Amino acid sequence: MPPLGFAGAAMLLVLVLASCGLPAFGGHKDRNVDVESEPTVLVFADPARVAGLSVATISSGTAKPHVHVSYPTLADAPALNRRLKDELAAKARRFTEKTQIRDGQPVPEYNVDWDLTAAAGDAVAVRLRESRFTGRTWVDSYRTLWYDRKGQKVVDSTSLVGDIEQLSATVREHLPANSPVRAESVVVAPELYDSLNFNARGDLVVEFDGQESSPGSVGRVAVAIPRKEADTLLTPFGRLARSAVAATATRPLSKTMDDNPVAVSTMNGSVDCAVANCVALTFQGGPGPYTERLLKTLSARGARATFFMVGTNAMATPGVLSRMREQGDLIANQTWTHRDLTLLSGSVMYDQLRRSQHAIGVASGQTPSLLMAPYGSADARVADAAREFGLSIVRGDVDAGDVTGADPKEVAKRVVADTRRGSVIVMRDIDQVTADALPQVLDELGRRGFVFVTVPELYGTAQLTPGRTYSAPIVPAAAMSTAGPPSPQAAPSGGSTSPQVP
């Protein structure tokens, strides 16, 4: 929805920040929250418990401006899948076409992440947070689409209420006394109410978009209408939607990861990279719809890889993470929503790492020790935060170029041509082109004598240091006297000794 047009809206009620789609990961405690004191806290479904759910991604790859859009797909909701795909692809395309790249300025970025605020019975709700960075600040907006399973149709949030004029009047009545929102700003306009949800008690929560906020902060403003008053506003579908929220299985309470082992391949040590011609194949941006196909291809050829995962995707697919562990692949971190970390405030950057670290740890039972920064952007601040989480930063030297629409044969040809001993190959775990190209990559490089291991195995027995950046090609020192290029040193504080691969 458009901003309300009031100054300082982003500062309304610090307490609502906990419900803006950025809860403490895995520890969003809607069922334990005192809704009297925090009535705008929303219910978030546990996506791992939603049958037939997968995650799709739209990405610009290495192109500029940067685009990373994530959204859920449901096996029994084709109309919802089409609506999300078409609308988000169109918005990403418009952002790319209309946004100017200015020399010497940060790269503009469009990022979308999601939550399910209902996923039970005959209703599903997908709450989208769209974030735009155009060179000065991040601007966030919120929208919730509802899916009527019985009617097999997608409806906007306004379908929950029967009278927009009455809704506007009720919202004005419930503006907090210290609200910077002027009552006259709450006008009778359907587009103003494109994100309607319910809290755990059944109150109707109306979300607005705030004004521009400081880098990385959130400009959300929300008002809760008590359940009894909401009863007079709701349509039959609105009541059905509220019942679906009440029946939704929410995210589990926070689990401690203190006892989690550091993520290590179950095949670690089976190959001596001081002797063998080792390379590390990595996948970033997933898990996605083609991850299981990638895992099957790797397993069939006795290869293993390092998967740098986006936390929101990992949270929804714990079964995929279990399979990775079982067949010797390595689980690693690529932030919570794939934003350029260098453009975020310190607290939000920290949260991006923390929530993804927690999500992957809870889903897999292992704590990641590696980070691949989105778009290859890592500075001293990122290095300091990574150090705190025990994460070493990895950059590759071979970019597969497996973006949407690429020719799988050309992708494989590029990888084969650019790979040498100690290379870290970066592919994208979000598109069919990657799944189509992988068999040829593995077969051709295998014929040339390369062995596929995880990133840490390239270093042999050496321990990677948290907070330092490791760049390929990498060859253990013991092998330097026999073959291969010299081993580059790890770069301090976010520095790099090889080209960046996002």
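Proline 287 sits in the loop between strand E10 (277-286) and helix H5 (291-300); strands (E, at least two residues) and helices (H or I, at least four) are DSSP runs, numbered from the N terminus. Another cis bond runs from lysine 64 to proline 65, with omega near 0°, and proline 65 lies in the loop between strand E1 (53-59) and strand E2 (66-74).

Before going further, keep in mind that this is a predicted model: local features need pLDDT of at least 70, side-chain atom pairs count only at pLDDT 80 or more, and totals for chains, interfaces and linings use all residues. Residues are numbered from 1 along each chain as its sequence is written, and side-chain values use heavy atoms, with hydrogens and water left out.

How far can you trust it? The pLDDT is the predictor's confidence in each residue, from 0 to 100. Its mean for the protein is 85, and 83% of the residues reach 70 or more. Over residues 212-218 the pLDDT is below 50, though this stretch has 26 contacts in the model beyond near neighbours in sequence; contact means heavy atoms within 4.5 Å. Residues 478-502 also have pLDDT below 50, with 66 such contacts. Where pLDDT is low, the predicted coordinates should not be read in detail.

Now for the inside. A nonpolar core is a set of buried Ala, Val, Leu, Ile, Met, Phe, Trp, Tyr and Cys residues joined through side-chain atoms within 4.5 Å, where buried means under 20% relative accessible area, exposed over 50% and partly exposed in between (1.4 Å probe, protein chains only). The largest such core has 34 residues, and Leu281, Phe283 and Leu298 have the most contacts inside it. Helix H11 (residues 432-447) gives the most to this core, with seven residues. Apart from it lies another core, of 31 residues, among them Val186, Leu196, Ala241 and Val245. Leaving aside neighbours within four places in sequence, phenylalanine 283 touches residues including Leu298, Met427, Thr434 and Leu438.

Thr434 turns up again with aspartate 402, as the two side chains are joined by a polar contact of 2.6 Å. That term covers a pair of N or O atoms within 3.5 Å; within protein, one must be able to donate a hydrogen and the other to accept it, and residues adjacent in sequence count only if both atoms are side-chain atoms. The backbone nitrogen of arginine 428 also lies 2.8 Å from a polar atom of the aspartate 402 side chain. Aspartate 402 belongs to the loop between strand E15 (398-399) and helix H10 (408-418), and it counts as buried because its relative accessible area is 1%.

Helix H8 (residues 346-364) is a handy check on geometry. Just after H8, glycine 365 takes a positive phi of about 80°.

Histidine 338 has a positive phi too, near 65°, without being a glycine. This histidine lies in the loop between strand E12 (330-333) and H8 and is buried, at 4% relative accessible area. Glutamine 152, with a positive phi of about 50°, is exposed at 58% relative accessibility.
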